Amino acid sequence: EAQVTQNPRYLITVTGKKLTVTCSQNMNHEYMSWYRQDPGLGLRQIYYSMNVEVTDKGDVPEGYKVSRKEKRNFPLILESPSPNQTSLYFCASSSQGAETQYFGPGTRLLVL
Amino acid sequence: GENVEQHPSTLSVQEGDSAVIKCTYSDSASNYFPWYKQELGKRPQLIIDIRSNVGEKKDQRIAVTLNKTAKHFSLHITETQPEDSAVYFCAASASNFGNEKLTFGTGTRLTIIP
């Protein structure tokens with residue numbers, strides 16, 4: 001089954017404790033992206049990647065890091081999480097750049 | 001950078017009536033305009049998209065129109081049904097090789113009244 005998976009689905013952590021949210025796709029897509037969703041603000045792009053070892057900033061990259069060492073994986077790293085990073089995070093992938101993106105199930109993060 | 005504004009933020013329509021959601025964008029280089037539907041507790045899913053070389057696109061009860069001159073695009077849903085209740089997001093991208101940033105609107109919560 002073609003899919004985008006994220007782990008964990010729910011996470012509660014404390015300020016400053018490094019964490020990684022994993023994203024994996026089995027569709028051989030070149031393009032992968034991370035978004036955060038907050039009430040009243042919609043979906044905002046954090047980072048995207050056009051292919052292995054190629055990443056670029058979205059609209060809200062501050063406080064986040066990504067890496068793309070393999071085509072199927074695109075982890076999101078929060079080196080020192082802060083409460084304002086409490087949000088619902090979605091990973092997405094596509095074979096056509098920003099077009100026709102398939103979203104993962106989401107990761108709900110709470111930073112205390 | 002690109003800025004996408006979406007209106008209204010909430011919309012209620014009687015079942016069977018039409019719904020229209022409007023978006024404006026700021027970057028004249030944007031050339032790809034998708035619409036995503038997000039049901040409660042679910043992930044966003046693409047329902048229709050349009051490229052800048054096309055003025056209108058239809059898919060059954062859903063249509064999107066684009067006015068490049070005015071920099072606005074709209075989603076039209078006809079003969080609305082209860083399963084159309086969801087949050088709808090528009091987005092814009094200057095979708096060319098090397099520039100694949102996607103900017104979303106803030107969403108419209110559509111409620112279909114039986």
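I began with D84(B), which forms a salt bridge with R61(B), their closest N and O atoms being 2.9 Å apart. I count a salt bridge when a side-chain nitrogen of Lys or Arg lies within 4 Å of a carboxyl oxygen of Asp or Glu. D84(B) sits in the loop between strand 8 (72–77) and strand 9 of chain B, and R61(B) in the loop between strand 6 (56–59) and strand 7 (62–67), so the pair ties together parts 23 residues apart in sequence. Strands are DSSP runs (E, at least two residues), numbered from the N terminus.

A note on the source: this is a predicted model, where local features need pLDDT of at least 70 and side-chain atom pairs 80 or more, while totals for chains, interfaces and linings use all residues. Residues are numbered from 1 along each chain, chains are lettered from A, and side-chain values use heavy atoms, without hydrogens and water.

Next I checked exposure: is D84(B) buried or exposed? D84(B) is buried, at 6% relative accessible area, whereas R61(B) is partly exposed at 21%. Buried means under 20%, exposed over 50%, and partly exposed in between (1.4 Å probe, protein chains only).

I then found D49(B) and K57(B) in a salt bridge, also with 2.9 Å between the closest N and O atoms. D49(B) is buried at 12%; K57(B) is partly exposed at 35%.

Which residue does D59(A) meet in a salt bridge? Its partner is K101(B), at 3.7 Å from N to O, and this pair crosses between chains.

My search of the whole structure gave 9 salt bridges over all chains.

Technical notes: Helices (H or I, at least four residues) and strands (E, at least two) are DSSP runs, numbered from the N terminus.
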